[in-house]
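Below is a short briefing on one structure. It covers the ligand shell, the sheet and the helices packed on it.

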Amino acid sequence: GEKETGEVDYVFKIVVAGDSAVGKTQLLGRFAKDQFFFDSKSTIGVEFQTRTLTLHRKRVKAQIWDTAGQERYRAVTSAYYRGALGAMLVYDITKRATFEHVARWVDELRGHADSSIVVMLVGNKADLAAAGQRAVPTEDAVAFAEEQGLFFSEASALSGENVDRAFLRLLEEIFAVVS
Ligand code: GDP
């Protein structure tokens with residue numbers, strides 16, 4: 001029958017990782033609230049956002065943690081990663097350096113999070129490819145993701161393209177690990 005409001009079967013902690021300004025906060029806002037905030041950093045101080053959905057007849061609460069800008073100072077702590085079942089590792093398809101730093105973020109995740117953590121690599125700002133701003137070919141990211149055992153998707157927090165799909169894929173993969 002109907003579950004009482006607030007009652008969930010699973011809580012999945014998910015962390016976002018990646019360089020500053022790649023769109024982590026916007027992706028999270030898009031998934032949790034289906035909004036794009038034009039004044040992005042007004043969300044500072046919010047530690048996590050949630051969205052509850054049904055997967056395989058179970059109520060699953062995705063609890064998604066944001067770095068709140070700490071990555072700028074390389075000050076993301078172990079507490080941030082502790083208990084995380086999944087990670088959204090984000091780079092900006094228009095900034096090559098943010099993709100080159102992904103390997104460092106993978107090391108960071110492997111060093112601090114549980115070894116069974118499911119990682120989704122996301123090439124954000126895909127909307128800018130049409131304007132000729134792409135600096136990271138899709139094939140490079142596909143190859144890296146395959147080599148590292150990561151899931152991969154390009155997405156746009158601005159247009160919303162692929163955002164739900166990427167999060168849902170991550171949640172499905174976590175579900176497969178925990179159930
Ligand atoms: P964070 O530091 O990784 O959390 O990045 P933010 O979410 O604050 O986004 C950084 C900047 O990129 C902001 O100016 C956003 O408006 C912009 N941005 C984020 N996602 C997108 C996107 O998908 N497309 C475009 N064109 N801009 C984006």
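The ligand is surrounded by 15 residues (C-beta atom, placed from the backbone, within 6 Å of the ligand), and the closest are G23, K24, T25, Q26 and L158. This is a predicted model, in which local features need pLDDT of at least 70, side-chain atom pairs count only at pLDDT 80 or more, and totals for chains, interfaces and linings use all residues. Residues are numbered from 1 along each chain as its sequence is written.

**Ligand shell**
- Helix α1 (residues 24-33) supplies the largest share of the shell, 3 residues; helices are DSSP runs of H or I with at least four residues, strands runs of E with at least two, numbered from the N terminus.
- By class, the shell holds 5 nonpolar, 7 polar and 3 charged residues, with Gly counted as polar.

**Sheet**
- An open sheet of 6 strands has the order β2-β3-β1-β4-β5-β6 with mixed pairing, where a pair needs at least two DSSP bridges.
- Its edge strands, β2 (48-55) and β6, each pair on one side only.
- β2 pairs antiparallel with β3 (residues 58-65) over 8 bridges, and Q49 has I64 in β3 as its bridge partner.
- β5 (residues 118-124) and β6 (residues 151-154) run parallel and are joined by 4 bridges, with L121 opposite F152 in β6.

**Helices and the sheet**
- Helix α4 (residues 102-112) lies across β1 (10-17), β4 (86-92) and β5, at about 165° to β4 (contact: C-beta atoms, placed from the backbone, within 7 Å; angles run from 0 to 180 degrees between N-to-C directions of axes fitted to C-alpha atoms, for helices over the stretch in contact).
- Helix α6 (residues 163-178) lies across β1, β2, β3, β4, β5 and β6, at about 170° to β5.

Terms used: Two residues are in contact if their C-beta atoms, placed from the backbone, lie within 7 Å.
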